[in-house]
Amino acid sequence: MGKPKILDLILRNLFSKPATIEYPKKETVIEPDARGRHYADLNKCIGCSLCSIECPADAIKMTPIPSEYEPPKRNPRKIFPVINYLRCVYCYRCISVCPTNAYVSTNEYRLATTKTVFSDMLSLSTLPKKSG
Ligand code: SF4
Ligand code: SF4
């Protein structure tokens, strides 16, 4: 009679590496094209609202550019898309419909938070502030 299967399994697992990793103590390997946090580069955005209209999760609100920032001439309505990352499903439809390729995509996936997180500060960091 052969060894019981359970004994084989125990012996194999005793000498093999664990299948899981100690996250977040150890970093996970992430695909370079993983869909992570994204935001609009306001030097390219023309404020057309298409990304907001097309978002299936209603996660993008068009918002006025604050007065302390220099609004680009190509954005006559002076509005920009602000993503609510807690509503976003990371389908990247906004990125594919944008006529000016304004979106910057990243593979940042560590988005867990107790606060609502928006993309406004990331987007505004692409614009110069008014001098004086
Ligand atoms: S990735 Fe999808 S769900 Fe997220 S903001 Fe863009 S269109 Fe909306
Ligand atoms: S679709 Fe592109 S250009 Fe239009 S508002 Fe969105 S980010 Fe700006």
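Helices, as the term is used here, are DSSP runs of H or I with at least four residues, strands are runs of E with at least two, and both are numbered from the N terminus. On that basis Phe-118 falls in the loop between strand S4 (103-105) and helix H4 (120-124). The model is a predicted one, and its secondary structure comes to four helices and four strands, which follow one another from the N terminus in the order α-β-α-β-β-α-β-α. The radius of gyration is 22 Å, well over the 14 Å that the globule rule gives for 132 residues, so the protein is more spread out than a compact globule.

**Overall dimensions and packing**

- Taken along the principal axes, the C-alpha atoms of the protein fill a box of roughly 85 × 35 × 25 Å.
- Of the 132 residues, 17% count as buried.

**The largest nonpolar core**

- This core has 17 residues, of which Ala-40, Ile-60, Phe-80 and Ile-83 touch the most other members.
- Two or more residues are given to this core by strand S1 (38-40) and by strand S3 (79-83), and S3 gives the most, with three residues.
- Once neighbours within four places in sequence are left aside, Ile-60 is in contact with Cys-51, Ser-52, Cys-55, Pro-81, Val-82, Ile-83 and Cys-94.

**Surroundings of the two ligands**

- Ligand 1 is surrounded by 13 residues, and the closest are Cys-55, Cys-88, Cys-91, Arg-93 and Cys-94.
- By class, the shell around ligand 1 divides into 12 nonpolar residues, no polar residues and one charged residue.
- The residues around ligand 2 include Cys-45, Cys-48, Cys-51 and Cys-98, together with Ala-40, Ile-46, Gly-47, Ser-49, Leu-50, Pro-81, Thr-100 and Ala-102.
- The shell around ligand 2 has nine nonpolar residues and three polar ones, with no charged residue.
- Ala-40, listed around ligand 2, is also one of the core residues that touch the most other members.

- Leaving out residues up to four places away in sequence, Phe-118 touches Val-82, Ile-83 and Asn-84.
- The C-alpha atoms of Phe-118 and Ser-67, which are 51 residues apart along the chain, are separated by 19 Å.
- Thr-114 lies in the loop between S4 and H4 as well, but Thr-114 is exposed, with 5 other C-beta atoms within 10 Å.
- Between the C-alpha atoms of Thr-114 and Ile-53, which are 61 residues apart along the chain, the separation is 27 Å.

**Backbone features**

- Tyr-23 and Pro-24 are joined by a cis peptide bond with an omega of about 5 degrees, and Pro-24 lies in the loop between helix H1 (5-14) and S1.
- Tyr-90, although not a glycine, has a positive phi of about 55 degrees; it lies in the loop between S3 and helix H3 (93-97) and is partly exposed, with 16 other C-beta atoms within 10 Å.
- Tyr-92, found in the loop between S3 and H3, has a positive phi of about 65 degrees although it is not a glycine.
- With 13 C-beta neighbours inside 10 Å, Tyr-92 counts as partly exposed, since a residue is exposed if the number is 12 or fewer.

Notes: Residues are numbered from 1 along each chain as its sequence is written. Chains are lettered from A and ligands numbered from 1 in the order in which they are written. This is a predicted model: local features need pLDDT of at least 70, side-chain atom pairs count only at pLDDT 80 or more; totals for chains, interfaces and linings use all residues. A residue is near a molecule or strand if its C-beta atom, placed from the backbone, lies within 6 Å of it. Ala, Val, Leu, Ile, Met, Phe, Trp, Tyr, Cys and Pro count as nonpolar, Asp, Glu, Lys and Arg as charged, and the others, Gly among them, as polar. Two residues are in contact if their C-beta atoms, placed from the backbone, lie within 7 Å. A residue is buried if 20 or more other C-beta atoms lie within 10 Å of its own, exposed if 12 or fewer, and partly exposed in between; C-beta atoms are placed from the backbone. The radius of gyration is taken over C-alpha atoms; the globule rule is 2.2 Å times the number of residues to the power 0.38. A nonpolar core is a set of buried Ala, Val, Leu, Ile, Met, Phe, Trp, Tyr and Cys residues joined through C-beta atoms within 7 Å.
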